[in-house]
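Have the viewer open as you read.

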Amino acid sequence: MIVDGILTGLRAGDVPARILLSSCDPMSMRRAGQVGSEFLRGQLVANPVPLDIGLALALEFGMDAVNPEFEQLRDDAVSVISDIREAGLHTVVWDVNTAADVALMVAAGVDVIITDNPGMAREVLDQR
């Protein structure tokens, strides 16, 4: 299986606890949990999949995080992040690519931001 081979390669190159495996495919994340429980796992969620389905999958398969696309948090980030945290999971938001969006996510309390512009994100964080 592809997941097994990927995990073997990752184990050889780094400390598994430093790696967050993420996929939109919940079956791949389920398999990763079965054969690589030492890795952190997050359910990627992108439109048109509703965030509540992503959260349910992450909980069902024992993941560590829900990884929503930024657009899914834009309008109600504080409430959504609170719901994710209450479920015992972390929030790893991706596609956060403007300074205003980084500031919004930081203020809302996300755990991790994934951006195409890490220098810009670092500047925003340093100003806080």
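## Ground rules

An axis here is a line fitted to C-alpha atoms, for helices over the stretch in contact, and angles run from 0 to 180 degrees between N-to-C directions. Helices (H or I, at least four residues) and strands (E, at least two) are DSSP runs, numbered from the N terminus.

This is a predicted model, with local features needing pLDDT of at least 70 and side-chain atom pairs counting only at pLDDT 80 or more, while totals for chains, interfaces and linings use all residues. Residues are numbered from 1 along each chain as its sequence is written, and side-chain values use heavy atoms, with hydrogens and water left out.

## α1 against α2

Helix α1 (residues 2-13) packs on helix α2 (residues 26-35) at an angle of about 55 degrees, and their axes are 10 Å apart. The two are therefore oblique to each other (under 35 degrees counts as roughly parallel, over 145 as roughly antiparallel, 65 to 115 as roughly perpendicular, and the rest as oblique).

Who does the touching? Contact means heavy atoms within 4.5 Å. On the α1 side the contact is made by Val3, Asp4, Leu7 and Arg11, and on the α2 side by Ser28, Arg31, Ala32 and Val35. That contact of α1 with α2 splits into 4 nonpolar, 1 polar and 3 charged residues. For the bookkeeping, Ala, Val, Leu, Ile, Met, Phe, Trp, Tyr, Cys and Pro count as nonpolar, Asp, Glu, Lys and Arg as charged, and the others, Gly among them, as polar.

## α5 against α6

Now for another helix pair. Helix α5 (residues 99-108) and helix α6 (residues 118-126) pack at about 50 degrees, with axes 9 Å apart. That makes α5 oblique to α6, and α5 passes α6 in a right-handed crossing. Ala99, Val102, Ala103 and Val106 from α5 meet Met120, Ala121, Val124 and Leu125 from α6. By class, the residues of this contact of α5 with α6 come out as 8 nonpolar, no polar and no charged.

Which residues of α6 are buried? They are Met120, Ala121 and Val124, where buried means under 20% relative accessible area, exposed over 50%, and partly exposed in between (1.4 Å probe, protein chains only). They cover an arc of only 100 degrees around the axis, which puts them on the same side of α6; the arc is that of the directions from the helix axis to the C-beta atoms. Part of what covers these buried residues is α5. The face of α6 turned away from the buried side carries the exposed Pro118, Glu123 and Asp126.

## The buried face of α3

Helix α3 (51-60) tells a story of its own. Its buried residues are Leu51, Gly54, Leu55 and Ala58. Seen down the axis of α3, they fall within an arc of 100 degrees, so they line one face of the helix. An α-helix has 3.6 residues a turn, so residues three or four places apart point the same way.

These buried residues of α3 pack against β2, β3 (65-68) and α4. On the face turned away from them sit the exposed Asp52 and Glu60. Just after α3, glycine 62 takes a positive phi of about 65 degrees.

## Loops and single residues

Where is the cis peptide bond? It joins asparagine 47 and proline 48, with omega at about 15 degrees, and proline 48 lies in the loop between β2 (40-45) and α3. Aspartate 95, in the loop between β4 and α5, has a positive phi of about 70 degrees although it is not a glycine. Aspartate 95 is partly exposed, with a relative accessible area of 36%.

Is threonine 91 buried or exposed? At 1% relative accessibility, threonine 91 counts as buried. It belongs to strand β4 (residues 90-94) and, leaving aside residues up to four places away in sequence, touches Val66, Pro68, Leu73, Ile81, Ile84, Val110, Asp111 and Val112.

Conventions. A crossing is left-handed if the near helix is turned anticlockwise from the far one by less than a right angle, and right-handed if clockwise.
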